[in-house]
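Welcome, and thanks for taking a look at this one with me.

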Amino acid sequence: MNLITNHMPTAELQRLDAAHHLHPFSHGHALNAKGARVITRAKGVTLTDSDGNEYLDGMAGLWCVNIGYGREELAEAAARQMKELPYYNTFFQTTHAPVIALAERIANLTPYDLNHIFFASSGSEANDTNIRLVRTYWEAKGKPSKRAIISRKNAYHGSSMGSASLGGMAAMHAQGGMPIPDIHHIDQPYWYGEGGDTDPEEFGKVRARQLEQKILELGADNVAAFIGEPIQGAGGVIIPPASYWPEIQRICDEHDILLIADEVICGFGRTGQWFGSQTLDIRPQIMTVAKGLSSGYQPIGGSIVNDEVADVLNSVEFSHGYTYSGHPVACAVALENLRILDEEGIVTRAGAETAPYLAEKWATLADHPLVGEAVTCGMLASLALTPHKASRAKFAAEKGTAGLICRDRCFANNLVMRHVGDRMVVSPPLIITKAEIDTLVERAWTAFDETQARLEHEGLMKAAG
Ligand code: PXG
């Protein structure tokens with residue numbers, strides 16, 4: 001048997017990793033000089049590295065391990081399915097039981113009449129599907145000019161050409177010739193960072209109305225869809241003012257623009273309900289899903305569409321699909337994941353008990369001198385580091401300097417927290433206990449103390465002018 005061993009010395013694993021493995025979103029030379037951290041196993045909310053250090057995983061991997069690590073039922077579901085039917089496709093007029101069962105399960109879980117799913121293996125692929133899907137939909141309805149898609153700056157929708165173009169990450173657009181044509185970006189509803197003296201609710205409406213201005217500028221006859229994450233995740237867990245989504249909804253409805261809710265992070269319990277659209281009261285015609293659908297145990301994603309969109313799409317041949325659309329093993333694992341999330345009341349408990357507790361404890365971090373705001377929605381939480389609380393000032397140092405120091409101090413205190421620029425974010429497994437939340441917040445506080453000391457020592461506690 002070809003055993004993948006964790007029993008090589010860390011330095012040897014790091015040497016081989018540096019020699020042959022290209023990492024996502026990394027400066028290779030810098031990483032290789034340092035050596036990547038090697039994670040060997042995980043259980044519940046705890047990761048163990050190759051030196052035996054344990055970390056509380058405040059990020060559920062990459063916002064995906066909603067069910068927590070180490071659920072043997074999912075491994076068994078995969079093994080069972082691999083023995084029965086390890087692979088077959090869903091092209092050429094064929095189907096199989098796992099994909100049928102999962103599609104039905106998802107249709108039952110989703111709100112409104114979002115009853116149909118086109119499968120992919122990731123959020124990026126699903127959003128690429130969405131680009132082709134909404135254009136094909138309008139072509140089938142005799143409106144081929146409706147091609148443009150409007151998104152937001154600092155949105156994250158994936159890393160492929162199409163999905164990264166939908167995203168609004170400046171650093172990504174700077175590489176490789178993006179965005180592709182007919183994708184437009186309006187400003188994000190980030191009041192803390194961009195709202196100045198405007199009242200937050202007023203700011204939410206102002207930012208939403210940029211959508212209307214953009215539609216009028218392009219002509220509604222040329223606009224296919226608007227896409228947005230209910231809460232921006234990779235952009236820093238930006239929770240929009242309450243006024244924002246109702247206004248976006250009104251504008252999409254009035255101008256006959258499809259609304260795509262990218263639920264890749266918000267879906268499957270993250271916001272305290274099954275979908276972020278329910279928490280934020282959005283009625284999308286299309287939802288993108290991935291991550292929590294299988295809790296990351298298998299790569300799977302998809303585009304969920306409502307009855308009307310499915311009906312129109314089904315009136316033509318949609319020339320689109322992936323080898324692994326509806327992969328039987330991924331479907332079997334996702335089904336088991338959804339069964340457990342549901343039957344063990346994990347989503348319900350996260351919403352009713354754990355999220356309010358996280359909100360209460362996370363709010364105490366706002367008392368730290370380095371913290372400007374600390375906010376949560378369900379099991380998503382973020383805070384802004386600042387050199388000056390009262391003015392919500394940014395640091396004079398390059399954006400992300402303080403955040404990176406803080407992220408490293410979190411690791412040093414056995415806590416995985418992500419930094420997004422100078423915001424710190426968490427998105428823990430939904431099964432995290434109250435005692436583990438206490439530990440998370442205690443470790444964060446210590447890390448912030450150490451970050452502050454380091455920033456002071458290096459003369460970095462200065463506000464931007
Ligand atoms: N949409 C959203 C809202 C996402 O957060 C994707 C689409 C793309 O999914 P895939 O499965 O193709 O990665 C995502 C992914 C980070 C980070 O550092 C965030 C994501 C992925 C990787 C890193 O915050 N989000």
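**Notes for a new reader**

1. Let us begin with A393, which sits in the loop between β12 (380-385) and α16 (401-412). Helices (H or I, at least four residues) and strands (E, at least two) are DSSP runs, numbered from the N terminus. A393 is buried, at 13% relative accessible area; buried means under 20%, exposed over 50%, and partly exposed in between (1.4 Å probe, protein chains only). Between the C-alpha atoms of A393 and A332, 61 residues apart along the chain, the separation is 49 Å.

2. A word on what you are viewing: this is a predicted model, in which local features need pLDDT of at least 70 and side-chain atom pairs count only at pLDDT 80 or more, while totals for chains, interfaces and linings use all residues. Residues are numbered from 1 along each chain as its sequence is written, and side-chain values use heavy atoms, with hydrogens and water left out.

3. Now to the ligand. It is surrounded by 16 residues, and the closest are W63, G123, S124, D262 and R418; a residue is counted when one of its heavy atoms lies within 4 Å. By class, this shell has six nonpolar, six polar and four charged residues. Here Ala, Val, Leu, Ile, Met, Phe, Trp, Tyr, Cys and Pro count as nonpolar, Asp, Glu, Lys and Arg as charged, and the others, Gly among them, as polar.

4. Which residues place polar atoms by oxygen atoms of the ligand? A polar side-chain atom of S124 is 2.5 Å from a ligand oxygen, and an N or O atom in the side chain of R418 is 2.7 Å from one. G123 uses a backbone N or O atom, at 3.0 Å from a ligand oxygen. For reference, a polar contact is a pair of N or O atoms within 3.5 Å; within protein, one must be able to donate a hydrogen and the other to accept it, and residues adjacent in sequence count only if both atoms are side-chain atoms. On its own the ligand has 540 Å² of accessible area, of which the protein covers 85% (Shrake-Rupley method, 1.4 Å probe; for residues, only the protein chains shown count as cover).

5. Where does the shell come from? α3 (60-63) and α6 (123-140) are the elements that give two or more residues, and α6 gives the most, with three. Domain 1 (37-70 + 345-457) and domain 2 (73-343) both contribute residues to the shell, so the ligand lies between them; the domain bounds come from an automatic or database domain assignment.

6. On cysteines, the whole structure has zero disulfides, a disulfide being a pair of cysteine sulfur atoms within 2.5 Å. For C64, the nearest cysteine sulfur is that of C266, 14 Å away. For C377, the nearest is also that of C266, at 7.4 Å. C64 is buried at 15% relative accessible area, and C377 is buried at 13%.

7. Finally, some backbone details. Most residues other than glycine have a negative phi, and most peptide bonds are trans. Y112, not a glycine, has a positive phi of about 55°; Y112 lies in the loop between α5 (97-109) and β4 (114-120) and is partly exposed at 29%. D256 has a positive phi near 60°, lies in the loop between α11 (244-255) and β8 (258-262), and is partly exposed at 40%. The peptide bond from M178 to P179 is cis, with omega near -5°, and P179 is in the loop between α8 (170-173) and β6 (183-186).
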